[in-house]
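Here's a quick tour of the model you have open. Keep the viewer handy and click along as you read.

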Amino acid sequence: MTRSGPSDEALDLEKHRPVLLKFALLQLRSRAQAEDAVQETLMAAIQGAKSFAGKSSVRTWLVGILKHKIIDHIRRVSREQPLDLPNAETSLEDFDALYKEDGHYVSVPAEWGDPEAALSQRKFFETLERCLEGLPKNTARVFMMREVMGLETGEICKELAITATNCWVLLYRARMGLRACLEERWFAVGA
Amino acid sequence: MKLSCKEAGRLISEGLDRKLSLPQRTALRLHLAVCDACTRIQLQFRFLRRAASRYPGPDRDGGES
């Protein structure tokens, strides 16, 4: 460990470790890798503490560093072992149950009112996190790479060694799964 | 090409990840014009994108995200 100066203590970086670890666990394949990425993030933050401008929250700043560390890990590991993708995650047969014979929804998607208000609530993001954890692992990972990290699908396919079609199917499955989960656990309960 | 809701949902999702072909875009637009369910799905997928880009969200309620 490097020495810690007063500025590190003022920023109280350690208290953010659990949030960062959860974030990393959803995207990396092992706990060890996730812990490494978080450790690297906190080390980088300690070294860069003086450059922290205070324009964003400490947490936002740390998550920004962590995203880079996670991408580094994904790039390193994906070359070593391609993704093991079960058929169930790339088939859409189970989705047939959502639709009637005439092609319409069995259960029509609900109106969500003003969902933007949820974005300022801590509890909404906890619910989103539980919904992400409920998705199959690869489905959640591809969604995170696309929508949380903002990677292009071409890059995701390449890093994970999957076809573009599988990539789109995983993203579609993730979005349908998350919308159903949020509808049930957040929007339907009028939170 | 007339779309079912199942096909429309898939195209709505793919449209967020790649540029759809002109026939696909046209078919989707025609479907969305008459289908409230799929219009909601499209709004919800877009909302998911905004929410995910802010994950893990604010430290405090009403705080910066």
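## Ground rules

This is a predicted model, so to speak of local features a pLDDT of at least 70 is needed, side-chain atom pairs count only at pLDDT 80 or more, and totals for chains, interfaces and linings use all residues. Residues are numbered from 1 along each chain as its sequence is written, while chains are lettered from A and ligands numbered from 1 in the order in which they are written.

## Where A meets B

Start with the interface: 36 residues of chain A are in contact with 33 residues of chain B (contact means C-beta atoms, placed from the backbone, within 7 Å). On the chain A side, at least two residues each come from α2 (17–25), α4 (58–80), α6 (122–134), α7 (137–148) and α9 (164–187). Helices here are DSSP runs of H or I with at least four residues, strands are E runs of at least two, and both are numbered from the N terminus.

Which helix gives the most to that side? It's α9(A), with 7 residues. By type, the chain A side splits into 20 nonpolar, 9 polar and 7 charged residues (nonpolar covers Ala, Val, Leu, Ile, Met, Phe, Trp, Tyr, Cys and Pro; charged covers Asp, Glu, Lys and Arg; the others, Gly among them, are polar).

## Chain B

Chain B has 3 helices and 0 strands, running α-α-α along the sequence. Its radius of gyration is 15 Å, well over the 11 Å that the globule rule gives for 65 residues, so chain B is more spread out than a compact globule. That radius is taken over C-alpha atoms, and the rule is 2.2 Å times the number of residues to the power 0.38.

Along the principal axes, the C-alpha atoms of chain B fill a box of roughly 50 × 25 × 15 Å. Of the 65 residues in chain B, 29% are buried. For burial, count other C-beta atoms within 10 Å of a residue's own, all placed from the backbone: 20 or more is buried, 12 or fewer is exposed, and in between is partly exposed.

## Two domains in chain A

Chain A is assigned domain 1 (1–81) and domain 2 (83–191), with bounds from an automatic or database domain assignment. Their C-alpha centres lie 26 Å apart. The contact between them takes 8 residues from domain 1 and 10 residues from domain 2. On the domain 1 side, α4(A) provides the largest share, 5 residues.

## The core

The largest nonpolar core has 55 residues, and those with the most contacts inside it are A:Ala24, A:Leu66, A:Val142, A:Leu171 and A:Ala174. Such a core is a set of buried Ala, Val, Leu, Ile, Met, Phe, Trp, Tyr and Cys residues joined through C-beta atoms within 7 Å. Here α9(A) gives the most, with 11 residues, and both domains of chain A supply at least three.

Leaving out neighbours within four places in sequence, A:Val142 is in contact with A:Ile156, A:Cys167, A:Leu170, A:Leu171 and A:Ala174. Over in α2(A), A:Leu20, A:Phe23 and A:Ala24 are buried. Seen down the axis, the buried residues of α2(A) fall within an arc of 95°, so they line one face of the helix; the arc is that of the directions from the helix axis to the C-beta atoms.

## A look at A:Val77

A:Val77 sits in helix α4 of chain A. Buried or partly exposed? A:Val77 is partly exposed, with 15 other C-beta atoms within 10 Å. Not counting residues up to four places away in sequence, A:Val77 touches A:Arg29 and A:Gln33.

Key: Contact = placed C-beta atoms within 7 Å.
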